[in-house]
Amino acid sequence: MPNVDYTPLSTQKHRFSLPEGLHYLNCATRAPLSKLAEQAGHDAISRDTNPFGLRPDDFFSGATRVRSLFSELINNPDPDRIAIVPSVSYGMAIVARNLPQKPGIRAGQTIVLVESEFPSDVYAWDRISKELNLTIKTVSMPDEFPKGPTWNERLLDAIGPDTALVMVPPVHWMYGIRFDLEAVGKRAREVGAWFAIDGTQAVGALPFDLTAVQPDVLVCAGYKWLMGPYSLGLAYFGPAFDDGVPLEEGWMNRLDSNQFHRLMDYQPAYRPKAYRYNVGEQSHFIQMPMLEAALSQLVDWQPERIQTYTNELTQAAWPALEKLGCHVEPVNGSQGRSHHLVGLWLPEHADPMAVQQALLAQKVAVSARARALRIAPHLYNTPADVDALVDVLTNVL
């Protein structure tokens, strides 16, 4: 990994425009735009009011900078392996489309998922599993606490010679329970399975080392922990996809597509590596500068320091809430839980939706997911936000 600055961060609330009195602990649903990203959007709109002087290379330069920043964030040595995608479902559809061409694919193999995965990471495999006669194998979450070590053990046991694809996130999107991606990646390579990761709920806030994990695919929506605008995401595609089939046959994905005077000299060859998987109209003249600004801040803040800050911010809250009958997954390295996204299991008598409404009435924003509240703080939060959460839950529970 690159050199890490371990200097602790103080709150970055001044870099956001969140109103006073609002306790926004819900970055896992959508990140607020920072003032820097907001200004980048305003500047982009101003530029778009007069497109005179727009050059062919301007259609590509913004994405080039974003690829480089994202690569720095995930320790990817080759930015050409990053594609511009609109969503996780788009990236997973690319994987599904290319699964029939995977070497050694055969009927009877399995696709391994974890229980209660986000829908975009489940629906992607329905059609292709029927077409190829594959079986979806879902690894169940343990009932008892701590859940992480046993869940990770079950996951590794589920990956075997009959596995075609493993789909695992760094942290569970509802509960924040971590999966040991290096161990999963090693097991997947041993059995010849593709390894795909939805990094949306982790990358940007939790350290991710692509060279250590070695996935075949990593897809991230941009509007959560990458702190960018909606409908713009990023995806890494490894060598297994170098000659794959894209979802679209966009003109920008072909060789020499920046030579506008030659566009009618139709080019059968794609640009190398991940370029073929870029979504159409990938320039995103307004959104791309916003994502660039957001990524530049994250590279400066560093995920390691975000984890440290969110840990120190919330660590006193969990024992207090456990006294009320709540449960929190323990911190246990790569098989415990994250600090930026924490599932708080409520007591059996509590209605999660009613508790969420009580919190909203006091301007405390979290998400109710199944029987848990998803608490998702970031650098814009302060101790007052966590105190408000604990106060409301104490009164309600």
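1. The structure contains an open sheet of 4 strands in the order 9-10-13-12, with antiparallel pairing. Strands (E, at least two residues) and helices (H or I, at least four) are DSSP runs numbered from the N terminus, and two strands pair if DSSP finds at least two bridges between them. Strand 9 (327–328) and strand 12 (367–369) stand at the edges with a single partner strand each, so one side of each has no neighbour in the sheet.

2. The model is a predicted one: local features need pLDDT of at least 70 and side-chain atom pairs count only at pLDDT 80 or more, while totals for chains, interfaces and linings use all residues. Residues are numbered from 1 along each chain as its sequence is written, and side-chain values use heavy atoms, with hydrogens and water left out.

3. Within the sheet, strand 10 (residues 342–345) and strand 13 (residues 372–375) pair in the antiparallel sense over 4 bridges. Gly-343 stands opposite Arg-374 in strand 13. Leu-373 touches, among others, Val-342, Gly-343, Leu-344 and Leu-393 (heavy atoms within 4.5 Å), not counting residues up to four places away in sequence.

4. Leu-373 also belongs to the largest nonpolar core, which has 119 residues; Leu-373 is listed there with Phe-70, Trp-125, Leu-295 and Leu-344 as having the most contacts inside this core. Helix 9 provides the largest share of the core, 7 residues. Such a core is a set of buried Ala, Val, Leu, Ile, Met, Phe, Trp, Tyr and Cys residues joined through side-chain atoms within 4.5 Å. In soluble globular proteins, nonpolar side chains tend to be buried together.

5. Is Arg-81 buried or exposed? Arg-81 is buried, with a relative accessible area of 10%; buried means under 20%, exposed over 50% and partly exposed in between, with a 1.4 Å probe and protein chains only. Arg-81 lies in the loop between helix 2 and strand 2 (82–85). Its contacts include Tyr-236, Phe-237, Asp-242 and Lys-273, residues up to four places away in sequence not being counted.

6. The largest pocket is lined by 18 residues, of which Arg-47, Asp-48, Leu-54, Asp-58 and Phe-285 lie nearest its centre. A pocket is an open set of points on a 1 Å grid over the protein atoms alone, with protein on both sides within 12 Å along at least five of seven lines; a cavity is a set where a 1.4 Å probe fits but cannot get out, and lining residues have an atom within 4 Å of a point. Helix 2 gives the most to the pocket lining, with 4 residues.
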